[in-house]
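Work through two exercises on a two-chain model. Keep the structure open as you go.

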Amino acid sequence: MASTIIRRLVHMVAVLFGISVLVFLIFFATPGANPAERIAGKNASPQTVARVERQFGLNRPLPIQYALMMKKIFITRNLTSYVNLGEKVVPQVFKAAPITLSLVAGAAIIWIVVAIAIGAVAAAFRNSWIDRLLMVLSLIGISMPVFWVGTMANLFTQGIWHHTWLFSWVPPLGYVDFSKSPVLWFKSLLIPWITLAILYIGLYARVLRAALIETMQEDFIRTARAKGLSERQVLLRHALRCSLVSVVTLFGLDFGVLVGGGALLTEVVFGLQGVGYLTYQALETLDLPMIMATVIYASVFVVVSNAVVDIVYAAFDPRMRLRR
Amino acid sequence: MNPLLEIVDLAVSFRTSNGLIRAVDGVSFSIAEREILGIVGESGSGKSLTVLAILDLIGDPNAVVTGSIRFRGIELIGQKPETLRRLRGGAIAMIFQDPMTALTPVFTIGAQISEQIRIHTDLSRHAAQARAVELLDAVGLPDPHRAAARYPQELSGGQRQRAVIAMALSCNPALLLADEPTTALDVTVQAQILELIRKLRDDFNSAVILITHNLGVVAETADRVAVMYSGRIVETADTGALFADPHHPYTWGLLGSMPALDGIRRPRLTTIPGLPPALDRRPQGCAFSPRCGFVRPECLPAPPCLTGTMHQAACVIADHERAAARNQVLAA
């Protein structure tokens, strides 16, 4: 187990290195993407551009530029924005990260719990009206764009129904830090959590149902029945445990992507200044250092959550432990 | 003495788009306490379905089971799921064909055995686990403590089948249903597992229904044999009688296609020509008639009934003609 984890860590570092090089090359070495011209502004004289190049070190060889950039991100942490000159990038990412983490982690708990419940119930009542109803509902959940759901949620909870007993508890849009007021933190995030979770509930419930139904055809399910287990015990103990692997795979990818900035639309709709929001702004202004920082932050999360998934796999399914 | 299990006129049919298809058709037999009954037949003869029907484990929503299955006088067909569940793994336990897939891959052997013990008894977790180790020892797994802590895929096929048998025995079943328990195993391991099943009767007082397509297995293990063909029993007798004086041409065919491991080796094995009929295209009369070398007009309108008392066969060949006809098949 320990060697698995160490191998996994080495693997992670290698992947992160690859991603950072790739992103760096895309933004700094693609023909036409001359960062100096961007910083110098429109219609800048060649002399100005040349001065900017010298000042920002953009005239130095690419490997050195890359190394300097990495040093500024990871070691000195004083990388500054090209757009809001003088503003440090890394602290901004660190400020935005807890917001995104709060949003995604809360939503993840909701979607995992609800999706497992729906998937298990649908599989247990396969082909009955309950199953069909749940599957239609989850398809609707998958089909609704998250920005539309968020806007609708705002319309009702902040607007027309805000003064009824139903939604009077909903605080104004925006993030409240957990350390400031846990209750307010929870209240301000509950609607965004549900909004973000809906899509994944639909997706995971369908995937789990399919996996459960497939597992229920296995020989060992018949053995479990022959032991005298009730249908519910067979489903929840034997089948669910074997089917969760497919959900864990999905979860590792989705969670990493969302924490890395994929929850952008939800963040924008609910005024949460998370990493997605930050990336979005940086892309709009082509703020290269900010883009570098957010992309590397995002890839760290994707890679780390994938590594965690591999370890969770082994916990769920002993067959994975034997693989070398 | 009342039989332990009595099956009368059991039929298993499947609803299909072409109407009802009968996979098991009018099967009747009974088994006494501590008796080992072998059911022999080729694939698709309905032997597995017959046994699965006993515990309502067919698991196909389109299956229709009719007839009567009485276990210690209790009718099992149409019985409440609750009652059946208490029998399953308790008084009636089952061993499946493929030990590779019969155990849940995510739980240890010990956990799976103690789970069954805890369903049927009120032993504590710890006591059930200890009993599981005892059982693994009893079925001859080396180092039972370590085996109990292992996952199914960490054991060999023979070891897994022993674990499956240990699990089946965990609640001292009065009746053990073994569905081709040795088919997936090596020949040497097969012999060990059969030896183990024979020993069960002495150690655990279990009656056994042993399904197999291998007459050799039956000859070694069973007290009584039922030969099934195309959903029906075509011959049933005590093992000795069946091998000494087989009545049905299908049984002859099976015997003729068996290589002799001792005694005189026949120059070549006989085969039964053709294939068993598809279930929805079974002939009106004897199902074996299209492959039988001794067909007569009376075989064709309706399937012959099982006749005889101790040694029953569903064939029209009369006693005095039998030896001559049989020699044509077996002495070839």
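Helices (H or I, at least four residues) and strands (E, at least two) are DSSP runs, numbered from the N terminus. This is a predicted model: local features need pLDDT of at least 70, side-chain atom pairs count only at pLDDT 80 or more, and totals for chains, interfaces and linings use all residues. Residues are numbered from 1 along each chain as its sequence is written.

**Exercise 1.** Describe the interface of chain A and chain B.

Step 1. Take the area. The chains bury about 2100 Å² between them (accessible area, 1.4 Å probe, lost on being put together, summed over both). Carbon and sulfur atoms carry 61% of it. In chain A, Arg222(A), Ala226(A) and Lys227(A) lose the most area to chain B, together 30% of what that side buries.

Step 2. Find the salt bridges (side-chain nitrogen of Lys or Arg within 4 Å of a carboxyl oxygen of Asp or Glu). There are two between the chains. Lys227(A) and Glu115(B) meet in a salt bridge at 2.7 Å, N to O.

Step 3. Assign elements. H9(A) gives the most to the side of chain A that touches chain B: six residues.

**Exercise 2.** Characterise the largest pocket.

Step 1. Get the volume, the space filled by probe spheres set on the grid points, joined across faces, edges and corners.

Step 2. List the lining. A pocket is an open set of points on a 1 Å grid over the protein atoms alone, where a 1.4 Å probe fits, with protein on both sides within 12 Å along at least five of seven lines; lining residues have an atom within 4 Å of a point. Here 31 residues line the pocket, with Arg225(A), Glu231(A), Gly59(B), Asp60(B) and Pro61(B) nearest its centre.

Step 3. Assign elements. H9(A) gives the most to this lining, with four residues.

Key: Chains are lettered from A and ligands numbered from 1 in the order in which they are written. Side-chain values use heavy atoms; hydrogens and water are left out. Buried area is the accessible area (1.4 Å probe) that two parts lose on being put together, summed over both.
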